[in-house]
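Take a moment to look over the chain from end to end. Then follow the text through it, part by part.

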Amino acid sequence: MATTLVSEKISQKPLVDSKAFPESPGTVVGGDGTYSYYNNSFYTRSAINVSKKEVDDAITRKLDVNALLSSTFSNTIRIADCGCAIGPNTFYAMQDLIETINHIYQSQCLSTSQTLLEFQVFFADQPSNDYNTLFTSLPQDRQYFAAGVPGSFHQQMFPESFLHVVHSSYALHWLSKVPDELVDKNSPAYNKGRILYPFGPVEVVNAYASQFAKDLDRFLIARAKEMVKGGLLIVTKPSIPDGMPYSETANAFVYDCMAAILYNMAKEGLISEAQVDAFNLPLYFCPPGEFSAVVEKNGNFSIEVIGLTNPSPWVEDRIDIGEYIKHIRAAKEGMLNKHFPSEITDAMFKELVERLEVINDKLTSCYRERIHLYTVLQRK
């Protein structure tokens, strides 16, 4: 099967008016260039793979394919990938998910029915996502119908009781916006001197945590409307162990170095200090306890499995800093270029590689921590 519900042969003209939809948090670098997400997403894919067994086991235990099909009077399983980006990770994830569901179906239903399943996959992301690259790189041998759905996953994107399975990988740590307090000079959460919350006062951390809790609740409310009862919501995302300060993670040192480099550029007159003070990354890496608390308070889903694991068990000696930063750049360059001249962003990343090489041993030891969260939720 190689069918899509929208045209795959998309011209080079953008699908949407960029002025109508300004750059959104979480939009990755498009295309297939040196710093594109398409060519720099190996770390994310590898992190997902380390929790594949636990996630597949939970899906096998909890997914009642026959009941799902009965609820919609169809033999089509509808799957949405929220925060799909541009590939290739979304394609691997959807193929793995479809194989797992097919295996479950064969064990649950084929003894009484010879009907083969069909799959409809909705690739959902911000309107500013590079859908050109996404659709021109779709696998030719895929076993599903494909469609794109532009929009924010913090609001409803599909009809009620429409989806059977929702997947979201390395997307929910992006906030819908930067907390207002961070740029308010009169607020105790004013984040001067930093671009994220590591090494910041508790008020800054709390502002990020509060915004994440609101966003996650909105995400769950929207998915609850869209999903059939018994459907599964699969989430993987960067995280930290409960009680561990984010300042002890490898990424904390990365973002601290980024801020220091930008401030040095301001001292040199290349940019203004006010520009740096006004820039904050809309990211929050919540621990499992905070995630579970929001899910339980929301009340629409039961937690079937949740855990932390090491996203990079193969890292034994030293991180390849050049590759590491290309992955970070692929996800963050768009936001930086919106706020700073592109030549500033480019120079900052080049200096960042040099600085991080000096502390490579520290970064490598931090990267072994359990900072990858996986969870499977079931719609009540």
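The accessible surface of the chain comes to about 16300 Å². Carbon and sulfur atoms account for 50% of that surface. Such areas come from the Shrake-Rupley method with a 1.4 Å probe, and for residues only the protein chains shown count as cover.

The model is predicted: local features need pLDDT of at least 70, side-chain atom pairs count only at pLDDT 80 or more, and totals for chains, interfaces and linings use all residues. Residues are numbered from 1 along each chain as its sequence is written, and side-chain values use heavy atoms, with hydrogens and water left out.

How confident is the predictor? pLDDT is its confidence in each residue, from 0 to 100. The chain averages a pLDDT of 86, and 84% of the residues score at least 70. Over residues 1-24, however, the pLDDT is below 50. Beyond near neighbours in sequence, this stretch has 48 contacts in the model (contact means heavy atoms within 4.5 Å). Where pLDDT is low, the predicted coordinates should not be read in detail.

Now the overall build. The chain holds 12 helices and seven strands. Helices (H or I, at least four residues) and strands (E, at least two) are DSSP runs, numbered from the N terminus. Of the 380 residues, 56% are buried. Buried means under 20% relative accessible area, exposed means over 50%, and partly exposed lies in between (1.4 Å probe, protein chains only). Take the contacts between residues at least 6 apart in sequence: 84% of them join residues at least 24 apart.

Start with helix H4, residues 89-108. How far apart are its end C-alpha atoms? They are 29 Å apart. The expected span is 1.5 Å times one less than the number of residues. Some of H4 is hidden from the surface. Its buried residues include Phe91, Met94, Leu97, Ile98, Ile101 and Tyr105.

Next, find strand E7, residues 372-379. Eight of its eight residues are buried. Both faces are covered. His372, Tyr374, Val376 and Gln378 lie on one side. Leu373, Thr375, Leu377 and Arg379 lie on the other.

Which strands pair with E7? Two strands pair if DSSP finds at least two bridges between them. Strand E5 (residues 227-238) is joined to E7 by seven bridges, and the two run antiparallel. Here Ile234 stands opposite Val376. Strand E6 (residues 301-309) is joined to E7 by eight bridges, again antiparallel. Gly307 has Tyr374 of E7 as its bridge partner.

Val55 sits in helix H2, residues 52-62. Is Val55 buried or exposed? Its relative accessible area is 9%, so Val55 is buried. Not counting residues up to four places away in sequence, Val55 touches Ile234, Tyr374 and Val376. Val55 and Val376 are 321 residues apart along the chain, yet their C-alpha atoms are separated by 6.6 Å.

Ile234 has another neighbour to meet. Ser168 lies in strand E4, residues 163-169. With a relative accessible area of 1%, Ser168 is buried. Leaving out residues up to four places away in sequence, Ser168 touches Asp81, Cys82, Phe219, Ile234, Val235 and Thr236. A polar atom of the Ser168 side chain lies 3.0 Å from the backbone oxygen of Cys82.

Finally, follow the loop between E4 and helix H6 (202-226). Most residues other than glycine have a negative phi. Tyr170, in this loop, has a positive phi of about 50 degrees although it is not a glycine. At 18% relative accessibility, Tyr170 counts as buried. Phe199 is found in the loop too, with a positive phi of about 70 degrees although it is not a glycine. Phe199 is partly exposed, with a relative accessible area of 41%.

Val183 belongs to this loop as well. Its relative accessible area is 44%, so Val183 is partly exposed. Beyond residues up to four places away in sequence, Val183 touches Tyr190, Asp277, Ala278 and Asn280. Val183 and Asn280 are 97 residues apart along the chain, and their C-alpha atoms are separated by 8.4 Å.

Notes:
Polar contact = N/O pair within 3.5 Å; in protein donor to acceptor, adjacent residues only side chain to side chain. pLDDT = per-residue confidence, 0-100.
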